[in-house]
Amino acid sequence: MKISEVNSYVLQYALDEELGYSQQYYAKRTAHIVEVVTDEGIKGYGEAFGGGGVAFGNKAIVEKTIGPMILGMDPLDCEVIWHKVYNLLRDHGQKGMPLQALSGIDMALWDIAGKFYGQPVYKLLGGAFRERIEVYGYGMMLQRVPNLKERFARESAAIAAKGFTATKMKIGLGPKEDLALVETVRRAIGDDIKLMVDANHAYTAREAIPLGRELEKLGVYWFEEPVAPEDRQGYRDVCLALDMNVAGGEAEFTRWGFRDLIEGRCVDVLQPEVCGLGGITEYRKVLALAHTHFVPVVNHVWGSAVAVAANLHLLAALPDLPGGAHPVQPLLEYDTTPNRFREELLAEPLDVLGRVGREGGTIGLPNGPGFGFEIDWDFVRHFRAA
Ligand code: CA
C-alpha cells in the first residue's frame with residue numbers, strides 16, 4: 001500500500017456571537033481536516049490543531065511541505081514517516097505549526113491502519129482499559145458583554161443540567177474579576193460538580209499563586225495553564241505553592257518538549273493535545289514519559305468531531321495510573337459552546353451532548369475500524385474555505 005495523495009480541508013463559518021479566552025476573542029469557527037489517500041482506496045482522516053489564520057498556514061505545510069515528502073511511502077510505516085518528516089523539518093521548527101500539520105497526517109495514518117486491519121484504533125494501541133469514558137463539559141468562554149457573570153451562571157447551570165459531572169470555565173481577566181466569575185459559577189452548579197479553571201497562560205507565577213489560593217477555597221479541582229508554557233520554573237513554583245492540581249501541556253510539542261515539563265514536575269495533570277504535539281505516534285511516547293514519572297494524563301481536546309473521535313480511542317487505551325481496583329478514571333474534554341464542526345461534520349454524529357445526558361455523564365467507545373466515523377462530504381463542501 002502506498003500513499004497517493006495528501007489533502008486538507010479548512011472549514012469555516014461565522015459564529016453568531018464571538019467567543020474568547022485570555023489571549024483573544026474570535027468571530028469565526030474553523031476546523032482543519034487532513035486526508036491521506038492510498039493507492040488501495042483506503043482513506044484516513046486526522047485534524048491539525050489551530051484555528052483562524054493558523055489553519056490556512058498549516059494547510060500549506062500539510063499539502064506543500066510534508067505531502068511531497070511522504071508520497072509513495074507505505075502508510076502503515078507511521079514511525080518511519082514520522083521520523084523522516086521530523087528530521088527534514090527539524091531545522092525549520094521543532095514546535096508549533098510544523099508539528100500541528102504533521103499531527104493531522106499522522107492521525108490519518110492510524111485511521112488508515114485501523115481500516116486496513118479491520119480494527120478500531122484503540123485495539124492497535126493495545127486494547128481498551130474501560131468500556132465508558134467520563135466526559136467533562138467545558139464552556140463559559142469569555143465574551144465582551146456587560147453581564148458576563150449572569151451568562152456564566154446560566155451556562156454553567158445548563159451544563160450541569162445536561163448531566164455532566166465536571167465542568168471547566170475560562171478565567172484570565174485579572175484576579176479580582178476571575179474570582180467573582182468563579183464564585184458565580186460555583187454557586188450556580190453547587191458543590192458536587194467538579195470545577196476546573198483555565199487561564200490560558202494569562203499570569204506570572206507571582207500573580208497565579210495568590211489567585212490559586214483563593215481558587216482552592218472555592219474547591220477548584222485544577223488550575224489550567226496559569227503561566228506561559230515556556231515558564232517551566234514558574235509552573236514548578238505554582239505547583240509547590242498550591243495544594244490544588246496544576247494542569248498544562250496543550251501548548252507543548254514532541255517527546256523533547258514534554259520531557260522537560262514532565263521531568264521537572266511542572267504539572268500535576270498533563271494535557272497532551274494529539275492534534276498538535278505530533279499525532280498519535282508521538283503521543284504514545286509522551287504518554288510513556290508521563291507514566292514513567294507518575295504524572296496523570298487528561299488529554300486536551302479541542303476542535304471538530306474528528307479530534308473528539310480520535311481522543312475516544314486514546315482515552316480508551318490509556319492505562320490506569322498508578323493502577324488498582326478503583327483507579328481514578330481519565331476524562332474526555334468536551335467543548336459545549338456552539339460548534340457545527342463538532343456536532344454535524346460526521347455522517348453519523350457522535351452526539352456526545354445527548355449521550356452524556358442518557359448515559360450518566362459518560363459515553364461508550366466508538367465502533368468500527370479506524371476511528372470509526374464517516375465524514376459528511378456535503379457538509380464539508382458547504383463550509384470549505386480552502
Ligand atoms: Ca486550555
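User: Which residues of H5 are buried, and how do I read that?

Analyst: General idea: buried means under 20% relative accessible area, exposed over 50%, and partly exposed in between, with a 1.4 Å probe and protein chains only. Helices are DSSP runs of H or I with at least four residues, strands are E runs of at least two, and both are numbered from the N terminus. In H5 the buried ones are Leu148, Arg151, Phe152, Ser156 and Ile159. Down the axis of H5 they fall within an arc of 120°, so they line one face of the helix; the arc is that of the directions from the helix axis to the C-beta atoms. On the other side of H5, Arg154 and Ala161 are exposed.

Before we go on: this is a predicted model, where local features need pLDDT of at least 70, side-chain atom pairs count only at pLDDT 80 or more, and totals for chains, interfaces and linings use all residues. Residues are numbered from 1 along each chain as its sequence is written, and side-chain values use heavy atoms, with hydrogens and water left out.

User: What covers the buried residues of H5?

Analyst: Think contacts, meaning heavy atoms within 4.5 Å. The cover includes strands S1 (3-21), S4 (132-138) and S5 (166-170), plus helix H6 (175-189). And look just after H5: Gly163 has a positive phi of about 110°.

User: At what angle do H1 and H3 cross?

Analyst: Axes are lines fitted to C-alpha atoms, for helices over the stretch in contact, and angles run from 0 to 180 degrees between N-to-C directions. Angles under 35 degrees count as roughly parallel, over 145 as roughly antiparallel, 65 to 115 as roughly perpendicular and the rest as oblique. Here the axes of H1 (residues 53-70) and H3 (residues 97-117) cross at roughly 65° and come within 9 Å. H1 and H3 are therefore roughly perpendicular to each other. At this crossing, residues of H1 including Gly57, Ile61 and Ile66 meet residues of H3, among them Pro98, Ala101 and Ile105.

User: How many residues of H12 are buried?

Analyst: For H12 (residues 305-316), 12 of the 12 are buried, so this helix is largely enclosed by the rest of the structure. One of them is Asn311, which counts as buried because its relative accessibility is 0%.

User: What does Asn311 touch?

Analyst: Leaving out residues up to four places away in sequence, Asn311 touches Val274, Asn299, His300, Val301 and Leu332.
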